[in-house]
Amino acid sequence: NILQRFLYFLSLFLLFPCQGQSSTTGVVERSTCGPCDERLFCNCSSRNYTYIPTVEIVDVLTLDLSSNSITTVAEDDLRDYEHLQTLDLHSNKIQSIHDRSFSHQLLALDLSNNQLDVLSPAWFSKLQSLQHLSLLGNGYRTLGPEGTFPLFRSLNSLRTLRFGNPGLEEVRRGDLVGVRQLNELEVYGNNLKRYDPGSLGDIWPLGVVTLHLRGPFQDDPALVSSIFRDVANPETSLVVADVLLTGKLSTGPFAVTNQQRTRSIMLRNSTLTDEAIVYLLKVIDAYRFTSFLPVAFLLKYLRKISLINCTVFVMPCLTSTLLINLEHLDLSGNLLSDLTLTESLCHGKGYLKKLRVLNVSDNALKSLSLISQLVFRLDKLVHLDISQNAYTSMPPACSWPPTLTHLNLSWAKLRRVTPCLPQSLEVLDLGHNDLTFFHSVSLRALRELHLSGNKLMQLPPGWLLPSLEILLIQSNSLNMFGPLDLLHYRRLRELQVGWNRFVCSCEFVSFIVKMWGEAAESSVELVDRPETYLCDSPLPLQGQRLDKVQLSALECHPVLLVSTLCGFTLVSGILVGIVLWKLHAMWYLKMMWAWLKAKRNSRRQKRWNADPLCYDAFVSYSEHDEGWVEEFLVPELENSQPPLSLCLHKRDFLPGHWIVDNIINAMERSRRTLFVLSESFVHSEWCRYELDFSHFRLFDGNTDAAILVLLEPISKDNVPKRFCKLRKLMSSRTYLEWPTEEERRNEFWSNLRLAVRGDDTG
């Protein structure tokens with residue numbers, strides 16, 4: 001013991017030099033946990049302690065040290081806790097415990113989920129008062145070393161014991177010697193490989209026994225039977241946890257509980273197949289009461305049985321064989337599976353000879369093929385309700401009793417229908433499935449068909465259902481239907497199509513309104529309310545009742561209206577073109593574009609040239625008048641004092657440039673534009689261009705820019721009407737007229753020079 005204490009303190013100094021010790025003295029200074037509450041309970045959990053701390057009060061009764069990092073419990077660690085009754089050390093890293101660490105007054109001790117590889121009887125030698133002990137989740141393989149005193153020999157007052165872990169391999173006879181008053185036992189032995197019969201047999205009767213035996217149930221059912229034999233009795237509640245039961249072999253150990261007359265068995269966090277459930281019920285003889293054998297003499301008189309929402313998971317075949325006069329059986333809203341229904345219907349042997357109505361809706365059935373086989377020999381079955389089950393597919397072929405006329409397969413998960421459906425059907429309910437089409441099955445005797453709540457986009461083909469009288473196809477994805485869709489239904493008289501996604505076209509709206517009218521041509525009646533018929537598109541009509549929709553002529557006759565509109569547009573275009581031609585609109589646009597271009601060029605030139613004006617006047621004349629210009633005009637103006645500079649297209653235009661650009665540039669670089677007017681000028685193409693641009697210059701506000709010289713008399717009416725401002729200028733301003741008399745010509749040249757220089761407003 002002295003050596004053990006020395007090693008303990010040495011480990012503290014070596015492993016934890018900075019926690020709880022003085023750097024100068026080397027003496028361990030234990031941390032203090034607190035505060036504690038008025039019930040003398042100290043919560044010291046989850047504080048990363050590496051050793052047991054002290055507390056502020058010495059009378060503490062309950063100490064919670066769980067979820068720390070404590071590795072060792074030394075002899076003196078709990079010496080100050082003289083009145084301690086409950087000690088919780090679970091979820092630490094405890095590897096060693098001193099033999100005299102725990103005092104006699106402890107009532108509850110939790111050492112679960114630590115790292116104890118070996119259990120020592122010495123730990124519990126003073127704990128005669130201990131009532132609750134948990135050793136779950138450590139690393140030990142046996143309950144104490146073999147050949148030593150029994151681990152729990154001193155625990156005479158123990159009431160609750162929990163032991164075991166994934167590594168526990170053996171439970172030996174005598175391991176629990178000394179435990180006499182145990183009420184609750186929990187054993188974790190998922191990998192248990194050895195169990196000595198009688199190991200748990202000396203401590204009964206127990207109140208509750210919880211067994212974790214997943215591995216033994218699969219690998220060694222005989223071992224489980226031995227354990228059950230020791231713990232099962234009428235006074236014990238048996239809890240079997242974390243097991244997987246797959247078949248007959250794994251359920252075999254439960255036969256012992258039946259022999260021992262165990263009254264309470266609970267399966268917790270366990271997985272059972274349907275097959276295992278049936279075998280388990282047989283093994284524990286659960287049918288003894290549910291089969292009604294004590295009242296078998298009464299069963300043969302029953303004609304109708306209804307067990308609805310009663311958590312029934314099986315009706316034994318033995319009971320079914322006694323119901324010889326049963327006509328109506330309702331087991332809806334229960335826990336029937338394919339396997340348990342097979343047992344209830346005696347594997348399809350047809351014992352229920354007079355059964356006419358069978359309702360097994362709202363259960364856990366999955367196989368449509370199986371249910372057809374189970375009822376095939378029920379020769380008088382007329383009505384079968386298997387709705388609200390987990391059917392996801394329909395086999396290509398099935399066998400049904402020939403008398404079956406009513407079948408309810410609604411509220412399942414079927415995506416398509418196949419010829420599996422019986423040909424004898426008169427009423428079929430396939431509502432609220434996931435069907436997207438119904439066009440591969442011919443049911444010639446069918447009178448009533450329910451397809452509401454699916455995803456159908458069109459009506460079923462009428463030629464497949466020649467006897468159909470009633471069709472319900474509400475809440476699907478129908479857009480529209482028409483007279484041709486109903487034409488193939490020879491006997492259809494009632495139709496319900498509300499709550500679909502209708503496209504409210506003119507034809508469809510007109511057709512539906514006629515069906516509601518008193519003078520309806522169709523023999524089919526829409527029996528659901530008009531408020532269930534709502535438009536889904538077009539968007540402006542979405543949500544509106546179909547019978548309230550008012551569609552315009554444009555929506556109902558778009559081709560006619562478009563044709564009319566196109567004709568009107570064409571005629572209007574021609575008329576507008578004529579008007580624009582009369583008003584010279586194209587000329588205005590062309591001149592406007594050219595003038596804007598010239599303006600842009602002019603601004604660019606002004607930016608680089610300080611004085612862009614190079615000429616006093618630009619002379620515009622026709623080639624017919626070229627002689628007069630060169631012989632008289634040019635010499636008189638350019639040789640005057642001071643001389644005037646003239647711009648002539650023949651002499652001053654830049655070669656290689658566009659003629660229009662030359663004209664505009666000449667006008668822009670001249671102070672005046674001098675027009676030599678004559679009949680030849682009016683009919684000259686280029687003179688007209690020059691006159692056009694001069695006209696735009698007049699619009700620019702420079703009314704003095706134009707000088708008119710008439711070589712011969714010409715009326716203003718000969719000037720084109722589109723030159724409105726020029727015509728007005730000729731009407732409001734004087735112009736120079738070339739005199740035929742020789743003596744008046746000097747006056748003419750004098751006035752012209754003044755006009756060009758701008759000294760006279762003319």
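One aromatic cluster is formed by F481, F502, F508, F511, W516 and Y533. The model is predicted, and the points below describe further places in it.

**Aromatic pairs**
- Across the whole structure, a search finds 17 aromatic pairs.
- One of these is formed by W738 and F748, whose arrangement is edge-to-face, with 5.3 Å centre to centre and 80° between the planes.
- This pair links distant parts of the chain, ten residues apart: W738 lies in the loop between β35 (736-737) and α23 (745-757), while F748 belongs to helix α23.
- Both W738 and F748 are buried.

- Strand β34 (residues 706-710) contains L710.
- L710 counts as buried because its relative accessible area is 2%, and buried means under 20%.
- Beyond its neighbours within four places in sequence, L710 is in contact with L677, Y735, L736, E737 and W738.
- For L736, the separation from L710 is 26 residues in sequence and 6.3 Å in space, taken C-alpha to C-alpha.

**A nonpolar surface patch**
- F292, V295, F297, L298 and Y301 form a nonpolar patch on the surface, and together they have about 510 Å² of accessible area.
- V295 is partly exposed, as its relative accessible area is 32%.

How values were computed. Residues numbered from 1 in each chain as written. Predicted model: local features only at pLDDT ≥ 70, side-chain atom pairs only at ≥ 80, totals over all residues. Heavy atoms only, no water. Patch = residues over 30% accessible without salt bridge, like charges linked within 9 Å, V, L, I, M, F, W, Y side chains within 5 Å. Areas by Shrake-Rupley, 256 points an atom, 1.4 Å probe, with all protein chains shown as cover. Salt bridge = Lys/Arg side-chain N within 4 Å of Asp/Glu carboxyl O. Buried < 20%, exposed > 50% of the residue type's maximum accessible area, 1.4 Å probe, protein only. Phe/Tyr/Trp six-rings, centres within 6.5 Å; stacked < 30°, edge-to-face > 60°. Helix = DSSP H or I, 4+ residues; strand = E, 2+ residues; numbered from the N terminus. Contact = heavy atoms within 4.5 Å.
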